[in-house]
Each structure stands twice: as C-alpha cells, then as structure tokens.
Amino acid sequence: MTPRFATDVITFHHPAFWGLASADAVRDWARQHPQRFWERVMDALADAEVTGIELTFAPGDIDSALRAFGSAPAFRRELADRGLSVVSAFIAGSDCPDWRHGDNLAAIVADAERRAAFLAEAGAELLVAGLPMRTTYGTRPPFFVDAAYMTRMAGIAHAVGEAVSRHGVKLAFHTESHSTLWYERDIDLFMALTDPRYVWLCPDSCHIALGGGDPVAVARRHTPRIALAHWKDAVGPIDVQLTIDDTVFARQQPYMAQLGTGIVDWKGWADAMSRTPGAGTVLIELDEAADPVAALRAGRAVAQRWTSAP
C-alpha cells in the first residue's frame, strides 16, 4: 500500500514564511486574516504534494478554520478542491481543560466532543491528545508518574474515547517529550491500563528517542493500537534536566533533526508502521519551517525511500 503524506499545521508557523518578525505577529495576522492564512497553507501543501493535514495550535487550529470558512463542511470542500484532506486534530490550546486532576471530567469530555464533531464533518476520524506534563526534576513536593496517576489518566481517556467514538472518531495519545507519556515505561503502562477499543496510540519517533527510548521497539510492541504516527528525527537523547515550563518546547528544539539526519532507525520504523492500522498515512513532523514546501519535499523524499523499500 502506498501511503499518503501529511504534516501538521505547525510546519507553517515560522515567521519567515509569512514575512513577519515573530510568532506573535504570525498569530495576530492570522487571527485578522484567517481565510488568507489557510489559503496560503493549502497552496503550499498542494505544491509540496503533501495531501493530509493535522490541525494543532493556533493559528492552525479548529477555531481558525471555522473563522475562515464558517463550518467544517465548507473547510472540507476548500481542502478537497486542492486534493487535500484533514487527517487529525490535536487537543491543544490555552483554553483546553486541564487533565491533571480529573475533577473537571464533564468539561474535558465536552471539549473533546466538540472537536470530534468538527472532525466528523470535516471528513477525519482521529483526535490526538497528550497527557499532562511532568514537573521539573527536583521540584518539591515531588510529582510521581506512578500506577495511581496513570490509572486516573486511563479513566479520563476511557471517558473521552467512548464519547468521541459516538462521532466515529478514534482517540490516540501522542508521546510528547517531558510529558507523562514520554518514556517507554510510561507508554507501556498507559497502554496496559487502557481499553484498546477506545484508546489508541500516536507514537512520535523523535520524542521517544529524546527520552532515551527505542521508537521501533515501542512501535513493534504496540502495533495493533497505532492509529497514526509522527515521523520526526532526533539528534540524540536529551542529556540534561530541562526546566519544565512554557519554554520547554523551544529548549527541546536543538535535540531535533531533519528527517534522515538523526538517530532514528527509519528502516525499522517504516517496517513497523507498515503493519499498523495507521499505515495509510505518513505524517512528517517538521515543527516550524522557514521554507515549508522545500522542507516537506525533502522529508517526503526520505520517507518515500523507506516506505517504498522492499
């Protein structure tokens, strides 16, 4: 099976792509001109021959698409006119209910259902979530990612997974660096505690490697539950204790690499991915790219080398 190639909207968040000075300037401009933002993103995707997209943080989020086109069906039609489609959406944004304590389950479920309803109308069937972040090592009192914590997260995941399934949408969990679903042990524990009918996995090859894990081994252990994967490379494991705050994502960047230039075993990864339910999509993760079309073409070429290998 020849997979389709996809990326997330963060690929297009780089200020240089928009001729602007900062990320804040991009967000402000896109909020004022949502249709122009999406039209340029769509044109770039078509130019790069990448046909799928994952909605993520503003300005590339669900609310932005609705401001631009008025409804999910209208957004779907705009994409389809260019040979594009929505693959998934990430639960992201400052207004997302906090999963940490789980005492706001009704709000968490309602937020997920709203996103799932949009996805169903937009022609997609995958909602991607992450677990809460860890706290900085050495923080007092300490926060432990233990069986009690993961059991609580599994309960929330079950409630959300069941709710979005009624919209024909699957819930998959992303393995974000410095989150409570980062290390191989985190992933195995969470998967063991959750029902495979309602909870799926979205492994990120880079982030697993940044945590000192083996992305291929993770993929092989959880093959039947991988609904989508993020294809991204890493320079090597993060070898320092980073402060976990709003800047941690930027400070992870030096450990990330252009696809094919880092430590990920792409032959093994592609082989493992070909056996998963999500085999039909290769989602290339670039984060922000000053020239997204060139970066997507380069990433697609690397992925094609392995996905087309005998």
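User: What is the place of proline 59?

Analyst: Proline 59 sits in the loop between E2 and helix H4 (62-69); helices (H or I, at least four residues) and strands (E, at least two) are DSSP runs, numbered from the N terminus. This is a predicted model, where local features need pLDDT of at least 70 and side-chain atom pairs count only at pLDDT 80 or more, while totals for chains, interfaces and linings use all residues. Residues are numbered from 1 along each chain as its sequence is written, and side-chain values use heavy atoms, leaving out hydrogens and water.

User: What kind of peptide bond joins alanine 58 and proline 59, and where is proline 141 found?

Analyst: Alanine 58 and proline 59 are joined by a cis peptide bond, with omega about 10 degrees. Arginine 140 and proline 141 are also joined by a cis bond, where omega is about -5 degrees, and proline 141 lies in the loop between E4 and H7.

User: What makes the phi of glutamate 49 worth a look?

Analyst: Phi of glutamate 49 is near 60 degrees, a positive value in a residue other than glycine. Glutamate 49 belongs to the loop between helix H3 (34-48) and E2.

User: Why are E6 and E7 called edge strands?

Analyst: Let's start with the sheet. Eight strands, in the order E6-E5-E4-E3-E2-E1-E10-E7, form an open sheet with parallel pairing; two strands pair if DSSP finds at least two bridges between them. Strand E6 (200-202) and strand E7 (230-231) each have a single partner strand, so one side of each has no neighbour in the sheet.

User: How do you know that E1 and E10 pair?

Analyst: Strand E1 (residues 4-8) and strand E10 (residues 281-284) run parallel and are joined by four bridges. Phenylalanine 5 stands opposite valine 282 in E10.

User: What makes the largest pocket a pocket, and what lines it?

Analyst: On a 1 Å grid over the protein atoms alone, a pocket is an open set of points where a 1.4 Å probe fits, with protein on both sides within 12 Å along at least five of seven lines; lining residues have an atom within 4 Å of a point. By that rule 48 residues line the largest pocket, of which Phe57, Ala92, Gly93, Glu176 and Phe249 lie nearest its centre. The elements giving two or more residues to this lining are helix H2 (23-32), helix H6 (105-122) and helix H11 (248-252). H11 supplies the largest share, four residues.

User: Which residues lie nearest the centre of the second largest pocket?

Analyst: Arg134, Thr135, Tyr137, Tyr183 and Gln241 lie nearest the centre of that pocket, which is lined by 23 residues.
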